[in-house]
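Welcome, and please open the model in your viewer. We will go from stop to stop, selecting a few residues at a time.

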Amino acid sequence: MLWQVMLWIMMISLQKMFTQFVTKSMLSSTTMIDTYTFTGDTVTVLGLVGVISTGLAAIVGATAGYFGGAIERANLFVISLLLVLPDFLIIAIVSPRIRGQSWLWLVVLISLFSWMLTAMVVYNLTLSLKQREFVTAARFMGVRPFTVITRHILPNMASFLIIDT
């Protein structure tokens, strides 16, 4: 219950911060990275990238570790494939194409290439946590798998996810 309250407070503060920067249009619309109107914009971009990439890593890593089988192989294949790709080169090639558009495209682009290492750590933590008694008890009581992931596994690795963000 405490982690849900902390997550709720964090989401409200992120929403207020996001709407403040979007409504005041503090990011420069002519350039993506070169010039910001002030340094708070860089913190906003990096904060959004951290939240998006950590959330994606938590979902992918926890489902791969909990379900196993074909889901595990598919998720680990995608993670391994994206770890091999040169992310800086791809971002450098794609960023001129999105230069005149919204700065949110830059956030999405950086987030797509920054979640894989965290997903591998979450995968290994999930493999460890699914062997614990409380997860086994929840499974025997008939709790749905995604409920086990969101209520038992992810809260036990919340300290890592918060620090990683």
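Start by selecting Tyr66, Val148, Ile149, Ile153, Leu154, Met157 and Leu161: of the 13 residues in the largest nonpolar core, these touch the most other members. A nonpolar core here is a set of buried Ala, Val, Leu, Ile, Met, Phe, Trp, Tyr and Cys residues joined through side-chain atoms within 4.5 Å. Two or more residues of this core come from each of helix 2 (40-67), helix 6 (116-129), helix 7 (133-140) and helix 8 (145-156). Helix 8 gives the most, with 4 residues.

A word on what you are viewing: this is a predicted model, in which local features need pLDDT of at least 70 and side-chain atom pairs count only at pLDDT 80 or more, while totals for chains, interfaces and linings use all residues. Residues are numbered from 1 along each chain as its sequence is written, and side-chain values use heavy atoms, leaving out hydrogens and water.

Next, colour helix 8. Helices (H or I, at least four residues) and strands (E, at least two) are DSSP runs, numbered from the N terminus. Helix 8 has 12 residues and reaches 16 Å from its first C-alpha to its last, close to the 16 Å expected at 1.5 Å a residue; the expected span is 1.5 Å times one less than the number of residues. Which residues of helix 8 are buried? They are Thr147, Val148, Ile149, Ile153 and Leu154. Buried means under 20% relative accessible area, exposed over 50%, and partly exposed in between (1.4 Å probe, protein chains only).

Now pick Leu161. Leaving aside neighbours within four places in sequence, Leu161 is in contact (heavy atoms within 4.5 Å) with Thr54, Ala58, Val122 and Leu154.

For the rings, select Tyr66, Phe67 and Phe146, which ring pairs link into a cluster. Rings of Phe, Tyr and Trp (its six-membered ring) pair if their centres lie within 6.5 Å; planes under 30 degrees apart count as stacked, over 60 as edge-to-face and the rest as tilted. Tyr66 and Phe67 form an edge-to-face pair, 5.4 Å centre to centre with 85° between the planes. Tyr66 is buried at 9% relative accessible area, whereas Phe67 is partly exposed at 30%.

Finally, zoom to Asn75 in helix 3 (residues 69-84). Asn75 counts as buried because its relative accessibility is 17%. Not counting residues up to four places away in sequence, Asn75 touches Val60, Thr63 and Ala64.
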